[in-house]
Amino acid sequence: MAISDPVAAVFGKRWPYGKFYVLKDKKTLVGSLAFFLSACIVSVILFYFLPQGQYGFAPVCIVTLSSAAIATLAEAFSAKGFDNLTIPASVVFVLTLLDV
C-alpha cells in the first residue's frame, strides 16, 4: 500500500483517463491500473525473497493476482482516507482465505 497508493495517485493525475467518483473523491481507471500493476510487482518481489521452494509458480501467481485485484478494488471504491483501512483488511482477508 505504501508504494501502490502513491503510484496510483501520480499516474491518475498525470493521465486522468476513465474518471469515476466515489462519494466526492475523483478516481481514474489509469490510477487503478497503476495500483494493480505496482501491487503485483511488489507481491512478486516479496515472494522472491521467501525461502526457495516454499511456493510453486502457480500458487504465487494466484496469490499475487488475487491480492492485487482485491486491493485495487478496495482502493478504487474507498472514500478518501478509508483506503488506509480497507486495503490492508482486504489483503489480509484474501491471504487468510488462500491459507498463505
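Student: Where is the place of Leu23?

Tutor: Leu23 sits in the loop between β1 (19-22) and β2. Strands here are DSSP runs of E with at least two residues, helices are runs of H or I with at least four, and both are numbered from the N terminus. Keep in mind that this is a predicted model, where local features need pLDDT of at least 70, side-chain atom pairs count only at pLDDT 80 or more, and totals for chains, interfaces and linings use all residues. Residues are numbered from 1 along each chain as its sequence is written, and side-chain values use heavy atoms, with hydrogens and water left out.

Student: Why is Leu23 called exposed?

Tutor: Its relative accessible area is 73%. With a 1.4 Å probe and protein chains only, under 20% is buried, over 50% is exposed, and in between is partly exposed, so Leu23 counts as exposed.

Student: What makes the phi of Leu23 worth a look?

Tutor: Most residues other than glycine have a negative phi. Leu23 has a positive one, near 55 degrees, in a hairpin with two residues between the strands.

Student: How do you know that β1 and β2 pair?

Tutor: Pairing takes at least two DSSP bridges between two strands. β1 and β2 run antiparallel and are joined by four bridges, so they pair.

Student: What makes something a pocket rather than a cavity?

Tutor: On a 1 Å grid over the protein atoms alone, a cavity is a set of points where a 1.4 Å probe fits but cannot get out, whereas a pocket is an open set with protein on both sides within 12 Å along at least five of seven lines; lining residues have an atom within 4 Å of a point. The largest pocket has a volume of about 470 Å³, meaning the space filled by probe spheres set on the points, which are joined across faces, edges and corners. Its lining has 19 residues, with Ala9, Lys26, Lys27, Glu75 and Lys80 nearest the centre. α1 gives the most, six residues.

Student: Which classes make up the lining of the largest pocket?

Tutor: Five nonpolar, six polar and eight charged residues. Nonpolar covers Ala, Val, Leu, Ile, Met, Phe, Trp, Tyr, Cys and Pro; charged is Asp, Glu, Lys and Arg; the others, Gly among them, are polar.

Student: And how does the lining of the second largest pocket divide?

Tutor: That lining has 18 nonpolar, four polar and no charged residues. The second largest pocket comes to about 410 Å³, and α2 supplies the largest share of its lining, six residues.
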